[in-house]
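Please read the following explanation beside the sequence and the model.

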Amino acid sequence: MSGTLRVAICDPNETSREAIKKSLIGMDQVWLEADSSRYEFFPEIVEQANPDVAIIDIDDDEGKALALVENIAKAHPKCGVVVVSSQADGQLILRAMRAGAREFLNSPVRIEELLGALDRVASASGGDNRSKSGQIITFAGASGGVGTTSIAVNVAVSMAQNPEFSVALVDLDLALGDADVFLDMIPEYTLLDVTQNISRLDLALLRKSLTKHESGVYLLPRPVQIEDLTTISEENFRRVLGLLKASFSHVIVDLSKTYNRLDISALEASDTVVLLTQLDLPCLRNVVRLFSAFELYEGVSSKVKVVVNRSGLDKTQISADKAEETIDREIFARVPNNYFVISECRNNGVPLISQAPKAAITLAIQELAHKLAGSEPMQAVEGDDKSKKRWLNFLSKSEK
C-alpha cells in the first residue's frame, strides 16, 4: 500500500493491545500489519510482515521485552521500534533507547502522542511510507461581516471535491456560529460533546461524532446553548484539533471575531491562517492591529495570508496596491463581490459549487482552495455528475 505506514504490535496485555489497535485502525495512512500477545513469537512475525514500525509494550516482562527490542533493532534496522510502558523512570527510558528504541511512550497512550511518534520514526527512516498528519487552515476576519464563514465553508466544500482529500470543518464561533446553516444541517453532536468526551474518543469514534454533508465535508458545529461556551477547555480543544489533524487531510477552522482563548489556541495550532478583509480603511486598520497582536504568539504572524473578500464592491474601494502598502503585506488572493449569490446560498443552505458552479465568485473560491491545499488543480470534465465533481483548472483563465 503505497504511502501507508505498516505497523506491528507486541503486547501481552489484551486491554492495552486492543486500545492501541483501535487507535491505529482509525488513522489514515496507517495499516495494522500484525499483532502478537507473546514476546517470543514477535521476531518471526516481524520477519514475515516486514513492518515499518514495531510497537512493543514492555510492562509484562521488562528484561524479556528489552531483549526483544534489541533483537528487532539489530535484525531489522529499517523497522523503527516504539516502546510503550506505564513506567516513566529515566533509567528505564535510557535502557530502552540503548536497546534500540527510537521512541518511548507512556501508557495509556494518547492518540496524538502515538501519531507524533509514528511520524518521527517514519521521518528518521527517510522513507516515503510514513504517517502524514493533515493541515489545519484557520479562517479569521479583520472585522465582523467580512464573509469569513461563507469563505471558510465554501473553501471546505471545494477541497472536499478532490477525492484525495478528507475535510473537516470546525465552527469556533461558539456564540453565533452558523456554519450548519450554510450547509443546511442539523448535527447530532457539537464541539462541546466532543471536548467533554475527549478521553474516551479514538479516531474512528471521532468521525462518527461529526456530521457528514453530501459534499463530503465533516462538520463539527458550535454548542447549542450559549451558556455552554465557558465549559470548553483549551487543553481539550487542542486535543480535538490534534485528533482531527490525525484523521483528516485538511481541517478548516472558522474563528469567532472575539479572538478569545480558544481562537488563539486554533491560531497557534494552525499550519495556515487566512485573514479575510475588505478594501476599506476600518478593515485594513484592523489587519495592521491584528498582525501586531499575532506577533505576541510565536510563529502565528508568519502563517497569515491576507485574502480580500468582496473585491470590486464599489469604485470607492482602496486599491489593492494601496492596501498592500498600508498593511505592509502582500495580498494572497481576492474574491469578487457577489452579494446576491452568497445571500441566496446562505438562505437555501446550499454551497456555491452547487448553487452557482460557473459564477466568478465560485471559481475564485475554488482557486483559493487549490492554493491553500497546495495540490494540483483538476480539469473539469464535461458531463461529470455531482459524485464526480473535480476542481476546475483556471490557471489558464485570465482574471475577470
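Helices (H or I, at least four residues) and strands (E, at least two) are here DSSP runs, numbered from the N terminus. Counted in this way, the protein has 17 helices and 13 strands. The model is a predicted one, in which local features need pLDDT of at least 70 and side-chain atom pairs count only at pLDDT 80 or more, while totals for chains, interfaces and linings use all residues. Residues are numbered from 1 along each chain as its sequence is written, and side-chain values use heavy atoms, with hydrogens and water left out.

The overall figures come next. Of the 400 residues in the protein, 52% are buried, where buried means under 20% relative accessible area, exposed means over 50%, and partly exposed lies in between (1.4 Å probe, protein chains only). The accessible surface of the protein comes to about 18,900 Å², and 47% of that surface belongs to carbon and sulfur atoms; such areas come from the Shrake-Rupley method with a 1.4 Å probe, and for residues only the protein chains shown count as cover. If contact is taken as heavy atoms within 4.5 Å, then among contacts between residues at least 6 apart in sequence, 72% join residues at least 24 apart.

Some links across the sequence are salt bridges, each defined as a side-chain nitrogen of Lys or Arg within 4 Å of a carboxyl oxygen of Asp or Glu. This rule gives a count of 13 salt bridges. One of them joins the side chains of Lys21 and Asp35, at 3.6 Å from N to O. Because Lys21 lies in helix α1 (residues 14–25) and Asp35 in strand β2 (residues 30–36), this pair ties together parts that are 14 residues apart in sequence. Lys21 is buried at a relative accessible area of 15%, whereas Asp35, at 32%, counts as partly exposed.

A second example is the salt bridge between the side chains of Glu112 and Arg239, with 3.0 Å from N to O. Glu112 belongs to helix α5 (residues 111–125) and Arg239 to helix α10 (residues 234–247), so the parts tied together are 127 residues apart in sequence. Here Glu112 is partly exposed, with 23% relative accessibility, and Arg239 is buried, with 16%.

Helix α10 also holds Arg238, whose partner Glu268 lies in helix α11 (residues 261–269), 30 residues away. The side chains of Arg238 and Glu268 meet in a salt bridge at 2.3 Å, N to O. Arg238 is partly exposed, with a relative accessible area of 37%, and Glu268 is partly exposed as well, with 33%. Elsewhere, salt bridges that share partners join Arg17, Glu18, Lys21 and Asp35 into one network.

Which helices each supply at least two residues of the lining of the second largest pocket? They are α1, α5 and α10, and α1 gives the most, with seven residues. A pocket is an open set of points on a 1 Å grid over the protein atoms alone, where a 1.4 Å probe fits, with protein on both sides within 12 Å along at least five of seven lines; lining residues have an atom within 4 Å of a point. The second largest pocket is lined by 26 residues, of which Ala19, Ser23, Pro108, Val109 and Arg110 lie nearest its centre.

Finally, Asn286 is found in helix α12 (residues 281–294) and is buried, at 18% relative accessibility. Leaving aside residues up to four places away in sequence, Asn286 touches Ala142 and Ser143.
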